[in-house]
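This report covers pockets and helix packing in one protein model. The sequence and structure come next.

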Amino acid sequence: MRLIDTHIHLTSPRYTDLPGLVARAQQAGVAGVVAAAVDEASSHQILAILDAFPSFVLGGIGVHPERQVADDETERVIALIRRERSRLVAIAEVGLPWYTVRERPDRDRWIAAAEPRLRRFLRLARELDLAVVLHAPHDTAGQALALLKAEGVTRAVFHWHKAAPEVTRAIVEHGYYISVTPETCYRRRDQDLVAAVPLSHLVLETDGPWPYSGEFEGCPTEPTFLGRIVEAIATVKGTAREDVEEIVVQNTRRLFRVS
Ligand SMILES: [Zn+2]
């Protein structure tokens, strides 16, 4: 297997044994992971993790949109991305807030206020030719898509995508990717999403250490889960497991320009 976990938070304190995690993933045939940062501190931590596991971890750094960080922190992360460009494959993760603002009566204003920061990252991605790993759940996906188009970003993935079918269709039409999680193995919503997205636009993620239910209940989330997502996709699509794997691997390589 040559699968890549396109979204994992290796800097989480819940991952206390990274050498073990990497060894188990490699034993399960997982070729690598794309690290996602949430702020300046985790971006620096990811650079150190890249030094420790150069053949397994692909670099992604950024500022999580659900985080309220000062503008100068965002500027320092942008400077870091410029300086470390050669070691990175993506700006990850960036996007628009939803979970932290959805209960607010003026939530649209909060989401709109986050747009300038996302635009900065999208312009940077275009300038430096990096992929973008997007957090834009539910209603924010359409807005994020509009910004991607406006800023001329060509390589992006909507991570743990949850949006209306017409938004999903537009994302695919514009050539962007959609990543699916272990929820694909047991949740109808995610299986319906897999059914709606062509295999040519799907990639896989765990968003670890986020915990999952179903068969994963109580198991610490690791890249070893990817094989089960492939099987679940194969079932939904009625396609051979090997074919799903081959196409998903190609998609991931195209998205991040890795071989
Ligand atoms: Zn994440």
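How do the residues of the lining of the largest pocket divide into nonpolar, polar and charged? They divide into 9 nonpolar, 9 polar and 10 charged. Here Ala, Val, Leu, Ile, Met, Phe, Trp, Tyr, Cys and Pro count as nonpolar, Asp, Glu, Lys and Arg as charged, and the others, Gly among them, as polar.

## Basis

This is a predicted model, in which local features need pLDDT of at least 70 and side-chain atom pairs count only at pLDDT 80 or more, while totals for chains, interfaces and linings use all residues. Residues are numbered from 1 along each chain as its sequence is written, and side-chain values use heavy atoms, with hydrogens and water left out.

## Largest pocket

The volume of the largest pocket is about 620 Å³. A pocket is an open set of points on a 1 Å grid over the protein atoms alone, where a 1.4 Å probe fits, with protein on both sides within 12 Å along at least five of seven lines; lining residues have an atom within 4 Å of a point. Points are joined across faces, edges and corners, and the volume is the space filled by probe spheres set on them.

The lining has 28 residues, and H9, H64, E93, D207 and W210 lie nearest the centre. Helix α2 (residues 40-52) gives the most to this lining, with 3 residues. Helices (H or I, at least four residues) and strands (E, at least two) are DSSP runs, numbered from the N terminus.

## Second largest pocket

The second largest pocket has a volume of about 270 Å³. It is lined by 18 residues, with V69, D71, A113, A114 and R117 closest to its centre.

At least two lining residues come from each of α3 (71-83), β4 (88-95), α4 (107-113) and α5 (115-128). The largest share, 4 residues, is from α5. By class, this lining has 10 nonpolar, 3 polar and 5 charged residues.

## Helix packing

The axes of α5 and helix α6 (residues 140-150) come within 10 Å and cross at roughly 40 degrees. Axes are lines fitted to C-alpha atoms, for helices over the stretch in contact, and angles run from 0 to 180 degrees between N-to-C directions. The two helices α5 and α6 are therefore oblique to each other; angles under 35 degrees count as roughly parallel, over 145 as roughly antiparallel, 65 to 115 as roughly perpendicular and the rest as oblique. In contact (heavy atoms within 4.5 Å), E115, L118, R119 and L122 of α5 meet Q143, L147, L148 and A150 of α6.

The axes of α6 and helix α7 (residues 165-173) come within 9 Å and cross at roughly 25 degrees, so α6 and α7 are roughly parallel.
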